[in-house]
Amino acid sequence: MVDVSHTIVTVPMETPNATKDVERFAFTERGPWVVDPDGMQWRRGIDELRARTRREGADLARPPTLPPAVRMLRTGVELGQAVALWQLLDRRKGDSESRAGISRRLRKAFERLGPTYIKLGQIVSAGEGIFPAELVEEFRLCRDEVPPEPWETVRTVVEQDLGGPLETVFSEFVTKPIAAASIAQVHAARLRTGEDVVVKVQRAAVAESVRLDLKAMAWVSPKLVGRIPVAALANPPAIVELFADTIVEELDFRLEAQNMLDIAQVLAETGQRSLVVPRPHPELVTRRVLVMERLHGHNFDDVEALKAAGVDMKAVIRAGMITTLEGSMLYGIFHGDLHAGNLFVDDDGRVALLDFGITGRLDEQRRLAFIRLLMGGVTNDIKGQLAAIRDLGALPRDTDLDAMIKDLGLDRPPVDPTKMSAEQLIGEIREIVKKLVEYGARLPKELMLFVKNLLFLDGAIAMHAPDLDLIAETFQVATYFATKHGERLAAETGTPGDVEINLDGFKASFGLDSDVESLTYADLQERRKIIRERFEAHRGGRRRRGRS
């Protein structure tokens with residue numbers, strides 16, 4: 001077999017003028033080819049393919065009569081072994097070392113269990129400020145540092161899907177991947193026609209293992225409802241449904257390539273040219289292989305390089321927030337898997353958006369409810385927000401919203417959590433969870449991807465812009481939407497066009513009074529630190545009392 005990790009043939013490339021596709025899509029100004037969607041053979045029947053994939057996901061999310069016993073046994077063994085080794089070797093160490101130990105062992109167990117659990121790890125990795133720091137840091141390795149597939153396996157998949165020897169398509173194919181994640185890995189390559197590309201190759205056995213895991217999760221998830229209050233709120237069956245919707249769709253790269261075109265078109269139509277999408281190849285897209293334009297830039301989490309380049313990261317983060325909001329509110333579509341491994345930033349501050357395997361899509365009814373939810377957040381319309389949350393599926397249709405506002409104390413002045421003891425905080429949280437469960441509250445799957453993106457942006461602010469004033473930033477973003485899209489949003493939701501921005505509710509969500517005018521992210525982190533330390537002291541006191 002020929003080693004294609006070095007250049008076999010070098011063909012000079014003459015970059016065509018890409019003006020036509022740049023008018024319609026948020027691509028680089030000049031690319032290796034011009035995108036003409038009507039001429040792409042792999043797009044034939046793409047809508048039916050998406051519908052068929054969704055039906056399959058729904059089928060896999062239904063609890064089977066019997067679970068896949070062998071897979072469940074292996075899962076139990078792997079996770080049980082991780083916890084047992086932690087208890088034996090790490091648990092008695094200091095709090096930070098103990099958490100680092102269980103995080104490391106769980107991450108390795110997730111990697112051994114394969115794509116579905118690696119995807120869970122990726123979600124955890126976006127939860128900075130929500131999950132323990134050690135857990136978040138460890139699971140960041142699940143983003144693009146998963147052990148890669150052997151080269152021979154990769155080559156076989158590429159040749160099977162492209163229908164011939166690799167050398168007939170590529171003059172160069174680097175055997176070591178640029179990144180390896182749960183579903184696929186990415187290699188740098190050069191086409192025989194001279195274009196530098198990246199090639200996304202699906203893991204050979206991923207489809208079978210994902211389907212087995214989904215069946216196991218679908219069997220277990222209903223049994224968790226009502227047993228643990230937090231599990232009831234998280235809605236385990238909906239989480240399984242989300243995994244089924246997203247992961248099954250990720251198994252067909254033709255859908256991902258179409259997602260690239262859809263997001264690139266939304267960015268162009270909203271004028272957001274600070275983000276660009278790589279062009280998918282007109283012909284080299286199959287179920288398991290996706291060839292696309294190669295883009296370059298600094299890694300999003302390379303803080304020093306971005307500082308040295310003078311990139312305004314506040315503007316980058318603001319663009320990420322605005323484009324997510326515009327896509328979801330105006331078009332019902334947004335990138336559903338933002339994390340540092342999916343973003344490059346060039347010296348001009350332009351962001352290359354990568355990996356479109358997961359894309360959030362809202363139907364028209366939920367899109368309008370989502371608009372009302374966000375508009376209610378910046379006008380302090382508490383009842384309007386609850387009504388929108390209900391319409392998104394988080395509350396039963398017959399929920400008494402006025403009673404809920406009273407029961408949850410949403411009509412009372414905010415309580416500053418930094419001025420409460422750990423016992424008071426725990427009591428307050430338990431009471432809120434109890435009441436939410438009594439009302440039948442659940443987090444709908446349509447919001448999960450959006451929340452995950454918000455968690456990433458939270459971590460991005462902590463990393464790049466800790467001095468960012470969250471109140472001023474929120475006001476600026478709200479003003480942008482009122483100015484640019486106010487008339488359209490008002491017409492679609494039947495609300496007045498001249499709404500007054502009122503961030504009292506936003507401030508109350510942090511336990512702040514309405515007269516507070518500034519809250520930097522560093523301030524927020526300090527408040528979170530105070531709360532964490534109180535919880536740590538509370539747990540430490542309980543352990544000492546238990547031993548005595």
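A cavity here is a set of points on a 1 Å grid over the protein atoms alone where a 1.4 Å probe fits but cannot get out. This is a predicted model, so I noted that local features need pLDDT of at least 70 and side-chain atom pairs 80 or more, while totals for chains, interfaces and linings use all residues. Residues are numbered from 1 along each chain as its sequence is written, and side-chain values use heavy atoms, without hydrogens and water.

Next I picked the largest cavity, with a volume of about 220 Å³ (the space filled by probe spheres set on the points). It has 20 lining residues, meaning those with an atom within 4 Å of a point. L275, G320, T323, T324 and L338 are the closest to its centre.

Which helix gives the largest share of the lining? Helix 14 does, with six residues. I sorted the lining into 15 nonpolar, five polar and no charged residues (Asp, Glu, Lys and Arg count as charged; Ala, Val, Leu, Ile, Met, Phe, Trp, Tyr, Cys and Pro as nonpolar; the others, Gly among them, as polar).

Then I checked a helix pair. The axes of helix 15 (residues 364-379) and helix 20 (residues 470-493) come within 11 Å and cross at roughly 135 degrees. That makes helix 15 oblique to helix 20, as angles under 35 degrees are roughly parallel, over 145 roughly antiparallel, 65 to 115 roughly perpendicular and the rest oblique. For the contact (heavy atoms within 4.5 Å), I listed residues including R367 and I371 of helix 15 and R488 and E492 of helix 20.

Key: Axes are lines fitted to C-alpha atoms, for helices over the stretch in contact, and angles run from 0 to 180 degrees between N-to-C directions. Helices (H or I, at least four residues) and strands (E, at least two) are DSSP runs, numbered from the N terminus. On a 1 Å grid over the protein atoms alone, a cavity is a set of points where a 1.4 Å probe fits but cannot get out, and a pocket is an open set with protein on both sides within 12 Å along at least five of seven lines; lining residues have an atom within 4 Å of a point.
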